[in-house]
Amino acid sequence: MTTAPLSTVTLGDEFARTLPEMALPWQADVAAAPELLVLNEALAAEFGLDPGWLRGPEGVRLLVGNLVPEGAAPVAQAYAGHQFGGYSPRLGDGRALLLGELVHADGLPRDLHLKGSGRTPFSRGGDGLAAVGPMLREYVVSEAMHALGIPTTRSLAVVATGTPVHREGPLPGAVLARVASSHLRVGSFQYAAATGDVDLLRRLADHAIARHHPDAGAAERRHLALFEAVVADQAALVARWMLVGFVHGVMNTDNMTISGETIDYGPCAFMEAFDPATVYSSIDHQGRYAYGNQPAMAEWNLARLAEAMLPLFADDQERAVELAVQALGEFRRQYNDAWTAGMRAKLGLPDSLDPAETAPLVDDLLVLLRDNHVDHTSFHRRLAAAARGDAEPARGLVLDLAGIDGWLDRWRALEPDAEAMDRVNPVYVPRNHLVEEALAAATGGDLEPFRRLLDAVGAPFDERPGLDRYAEPAPRDFGSTYQTFCGT
Ligand SMILES: Nc1ncnc2c1ncn2[C@@H]1O[C@H](COP(=O)(O)OP(=O)(O)OP(=O)(O)O)[C@@H](O)[C@H]1O
Ligand SMILES: [Mg+2]
């Protein structure tokens, strides 16, 4: 084992220094018997962290927050949030801590953050803990999203704590070490705004500009420019989710970042049979966060961000509202552009095609996929074979043969590029039944299925022999009853 002195790990405390009103100094619980379950060596290397040292006793203690480098100041971050439409003025890191900022090889800071590290002043009735299964879920799904090229928080490690967590029964506890561009959320702005302290709100916005959108700093109305940048990033992000069939499941304003990265892989899932009404979360009875509602929910959340930022847009409130409405009005166009371009790429069609020509083709396909309960991921991947002359793999997924044949004829007339399709349509996504299988085995102490799944989804576009089951939808009896859970 290589060793490196702890002094080589440097953690900044910029958030805590800049926004002390939103940062409560706090310490992680001491892990009784920490055991490293998974370490993202490639990610560690991006920060110059020695994987050998991280695997050793000191490194593992760092990864659960029990070894704090000199100068670091771990904090629980304050935030508010609309949860399923209802406003909670005080949420915050109830089971998480910001350890501090690491410097990435690109020279820019990233947050090193823990989830499952014990109670904090924001815990309310919760135990501050997390179980092995849900932390490994966040690890594998976030890394799959990254491999798909979708902006996301990253997972550095999961460490079992040796302390049981009580849910429906006892479960092994774990801490996830997460890396993100920042953990600033729409809810962070809502919290700052609710204090009534405009100076705090302004410092938060300036911190976000410096961290994520330095260009906005040069704009005449820099805070409006920040808002516009967040709108654009979220429009692009949600379009990416939609194109791969990702259902976030809990798009509360406290689970939407300012950076444009996906955050909080609680009740998330990948849709199989294409249907905009798809919901997996056990508590989402109204379908608020259904697959097809995600763009509208993102827009709703951004309206809450605009409300929070209003005092920064203009001194005159009417003028501020006018500017906010105008900026938010861009969301739909930006989302539609990103979605349309993404669908054109999935179908292997050139950018030069008039969107008016491709739109009916896309719309008709979505109706076919929904009416025939077609698996989203495998259909798009198999369509490349149809572009190469063998329609059977994709055709075989659709019951309405006349319908799909008519559609295929129209599509093929546009001369789709099969190679280009293979670069954007994944073979492997973290399918729900495989995630559950891997997490159940890991909870029982067998990490092999988890490692195999991670390996498959880590190179999602690269079809490999022996991984057929990772490319197949769930067996019939699995899909219709599948549920996911928040706050696990
Ligand atoms: N077991 C728990 N103990 C204490 N607080 C909790 C617990 N689970 C969730 N919370 C808190 O409830 C709120 C909503 O939880 P949510 O599931 O959205 O976030 P999370 O999964 O804990 O973390 P993150 O959003 O950082 O990924 C947050 O303030 C969170 O800290
Ligand atoms: Mg959350």
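**View 1. The hairpin of strand 6 and strand 7 has five residues between its strands, among which to look for the turn geometry, and G107 in this hairpin takes a positive phi near 90 degrees.** Strands here are DSSP runs of E with at least two residues, and helices are runs of H or I with at least four, both numbered from the N terminus. Strand 6 (residues 96-103) runs antiparallel to strand 7, and seven bridges join them; two strands pair if DSSP finds at least two bridges between them. This is a predicted model, in which local features need pLDDT of at least 70 and side-chain atom pairs count only at pLDDT 80 or more, while totals for chains, interfaces and linings use all residues. Residues are numbered from 1 along each chain as its sequence is written, and chains are lettered from A and ligands numbered from 1 in the order in which they are written.

**View 2. Strand 7 (residues 109-115) is mostly covered, with six of its seven residues buried.** Buried means that 20 or more other C-beta atoms, placed from the backbone, lie within 10 Å of the residue's own. Follow L114 here: L114 is the bridge partner of L97, and in strand 9 its bridge partner is A177. Strand 7 and strand 9 (residues 170-180) pair in the antiparallel sense over five bridges.

View 3. The contact takes 25 residues from each of domain 1 and domain 2, counting C-beta atoms, placed from the backbone, within 7 Å. Helix 5 (132-147) and strand 4 (81-83) each give two or more residues to the domain 1 side, and helix 5 gives the most, with five residues.

Conventions. A residue is buried if 20 or more other C-beta atoms lie within 10 Å of its own, exposed if 12 or fewer, and partly exposed in between; C-beta atoms are placed from the backbone. Two residues are in contact if their C-beta atoms, placed from the backbone, lie within 7 Å.
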